[in-house]
Amino acid sequence: MDRLACSVPALNGEMCSSGEESHWCCAIFSCLRRHCFSVHDVPVLSSCAPGPLVIDWFRLMGRIDEDSIRRVLEATDIVDVVGSYLPLKRAGSRWKACCPFHNEKTPSFIVDQSRQNFKCFGCGEGGSAITFVMKMENLGFADTVRRLAEKAGISIVEEVYDAAEERRRKARTALLVAHKKAAGFFHRLLLCSPKAAEARAYLNSRGYGADMAKRWQVGWAPDSSREFLAWARREGIPDQVLIDSGLANRGERGDLYARFRDRLMFPINNVYGECVAFSGRILRPQENVGKYVNSPETAIFKKGDVVFALDKARGPMGKSGKALLCEGQIDVIACHEAGISFAVAPLGTAFTPEHARILSRYASRIVLCFDADKAGMAAADRAFRELAPFGKDIYLVNLPAGDDPDSFMKREGKEAFSGMVERARSFFEVRIERARESGLLDDAASSAAFAREMTALLACMSDPVARDLATADVATRMRMAADNLRGAVRMAGRRKGQEQVQSAERKTAEEVPQHPPVKMDRAVAVLCELALQNSRAQGLIVDRIEELLEPMRLLQGGGILKKILARLPSPDSPAAVQAFLVSLPQPERDALGMLNLEPIPIPDVDRSVQEACSGIAKAALERHIASLMAELADPSTDAARRLELSKLSVDLKRLLGTM
């Protein structure tokens, strides 16, 4: 803390210059000296200005100033924000939904439009629109505010310079710009270049024309590295940015070459529609060459965290409560072009826990639509294992052997495929049916091996009721004794639980421990509530700042009250209160989250403030007396000090008796 900004009432309505000390400033410093604050508690006076008394005890400003945060929150409707992720239902004057942060069947997640905040009464999560987006998208605070500000068309002020953060932000921006330019370059080549005739013919053979290519910004990478690199240099993209973005690599001799050559290019967007990577598909079969090549992981792209087409599908998923999970990009595009706009895909068949966490936020019903071959079944099993712990209903589309969504729709039509998606059956029903068709249940040994696979999958289900019903259904379909299968599922569940505990212990050992909420003395908590509930109460408390200095220093939670009185967030503005809350460290924010901060009318504000101030003074006095008595009880205290302490404690107890 290197300064004390003090805004005081101007004498005769004039602004104090920085070199002057008003009567109030002198009183404050006198009080600080009287109460023996350390040098760390007495910063430098920087300026005085008209207005209510404000003492900036701690420099809390981050990169983005609080006024910008307030304006962003004022321009952002939390119902619109949450509603773009979850299907909200009106409940009186509020809105409700199933919480995206823990598994539940009965909605306990409440969005309050008047206060512009949310609260889950199941897991305790709560906060503003900023907090919600941070948790949903796993973004940092500053990045979240910037995104909401951009969406609202608001310019924000970033005050504190952080060289490392500035370098990181510039590097990230450079990668995003390079990807955006490359996507445009590839797209123009596909539409206009004579060299891309084969790529256009391939799309036409799949039933797609220029309209689809424009909607998805599909492109074509030239077959010559020289052509791509010449374009990049004309655009001013440095070689190192090309390498960091994964668009180019260096050969053994140090020469630069393009990563994607003669491939159909599908941009991979993040949830906000920004291109962060590419997936390139070959146009003709080639020996020892993968059908798809994806961008490597970069500072803006983590393969296990990105779901293809989520930027387009999240709205429809939130409204319908459904997600259709396909294997590849072409399948997803085919679904969207057919009007099934809640289709997405992982990048390849490697479905990760993060993919499952993302989908579980948007949809309660997950429909898997993978190929009917062995690889497709393995991918479906993997997806089920990751999704089942989130308590979602998981279904499986039973495509004919050799078909994918795109080929099926080309042959049978869009309506036929839409009907299959709507009539998708439970995962285990289709899984067992396919096993029977494949001959996996023809003999005892094969049946036992398949049963063990199903047992492991059943053990992944977190909902005990759904798990028991699914176990009974599997036992019936496989002609097994239900009790035997239940016993096997319990054993598999115990093994899985032990593995999870061991994994959690290893993870916990590596993580930075979380800090609990700051403890608050009840008298301090009452004043915090008043200051954030009622504007007049806040003003009356500020007027009594001098008598509160010592109690705030002595009592638990006093630092939080100091910050409230330093910043004075208006109780009449939900955005201002939320902007103040999100600027606090998490332990302090959690402490205030346990209080009732509803803006309420107070019948007798003056009396309420008087009683609260008396209560905090009494609590501070009791705390001071207790410290004196502890020192008296210390055998090392000398006789002279004991006499002094005894007299002081008698005086303080007499004073306490009059309160």
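Select strands S8, S11, S12 and S13 to begin: these four form an open sheet in the order S8-S11-S12-S13, with antiparallel pairing. Keep in mind throughout that this is a predicted model.

**The four-stranded sheet**

At the edges of this sheet are strand S8 (219-221) and strand S13 (292-294), and each of them pairs on one side only. Averaged over the sheet and ignoring direction, neighbouring strands are turned by 35° against each other.

Select Asp262 next, in the loop between strand S10 (256-258) and strand S11 (263-269). Most residues other than glycine have a negative phi. Asp262 has a relative accessible area of 17% and is therefore buried.

**Helix H9**

Move to helix H9 (residues 225-234), which contains Trp231, and select Ser225, which also lies in H9. Ser225 counts as buried because its relative accessibility is 16%, and the cut-off for buried is under 20%. Beyond its neighbours within four places in sequence, Ser225 is in contact with Tyr257, Ala258 and Arg261.

Is Trp231 buried or exposed? Its relative accessibility is 4%, so Trp231 counts as buried. Show what surrounds this side chain: setting aside residues up to four places away in sequence, Trp231 touches Lys181, Ala182, Phe185, Arg188 and Ile237.

**The five-stranded sheet**

Select strands S3 to S7. They make an open sheet of five strands, ordered S3-S4-S5-S6-S7, with antiparallel pairing. Strand S3 (89-91) and strand S7 (126-127) stand at the edges; each has a single partner strand, so one side of each has no neighbour in the sheet.

Take strand S5 (residues 109-112) by itself and show its side chains. Which of them point one way and which the other? Phe109 and Val111 point one way, Ile110 and Asp112 the other way, and all are buried. In a regular strand the side chains alternate between the two faces of the sheet.

Next, bring back the strands that pair with S5:

- Strand S4 (residues 94-97) pairs with S5 in the antiparallel sense over three bridges, and Lys96 stands opposite Ile110 in S5.
- S6 runs antiparallel to S5 and is joined to S5 by four bridges; the bridge partner of Ile110 in S6 is Lys119.

Follow Lys119 onward. Strand S6 (residues 117-120) pairs with S7 in the antiparallel sense over two bridges, and the bridge partner of Lys119 in S7 is Gly126.

Four residues lie between the strands, and Gln116 takes a positive phi near 55°.

**Two helices in contact**

Select helix H11 (residues 310-320) and helix H13 (residues 353-362). Their axes are 8 Å apart, and the helices pack at an angle of about 40°. H11 is therefore oblique to H13. On the H11 side the contact is made by Leu310, Arg314, Met317 and Gly318, and on the H13 side by Ile358, Leu359 and Tyr362. Sorted by class, this contact has five nonpolar, one polar and one charged residues.

**An exposed loop residue**

Select Arg479, in the loop between helix H19 (464-477) and helix H20 (482-510). Arg479 is not a glycine, yet has a positive phi of about 55°. With a relative accessible area of 70%, Arg479 is exposed.

**The whole protein**

Finally, zoom out. The protein has 28 helices and 18 strands. Of its 659 residues, 48% count as buried. Among contacts with a separation of 6 or more, 67% are between residues 24 or more positions apart. The protein exposes about 31,900 Å², of which carbon and sulfur atoms supply 52%.

Notes. Residues numbered from 1 in each chain as written. Predicted model: local features only at pLDDT ≥ 70, side-chain atom pairs only at ≥ 80, totals over all residues. Heavy atoms only, no water. Buried < 20%, exposed > 50% of the residue type's maximum accessible area, 1.4 Å probe, protein only. Contact = heavy atoms within 4.5 Å. Areas by Shrake-Rupley, 256 points an atom, 1.4 Å probe, with all protein chains shown as cover. Axes fitted to C-alpha atoms, helices over the stretch in contact; angles between N-to-C directions. Parallel < 35°, antiparallel > 145°, perpendicular 65-115°, else oblique. Nonpolar A, V, L, I, M, F, W, Y, C, P; charged D, E, K, R; others polar. Pairing = 2+ DSSP bridges.
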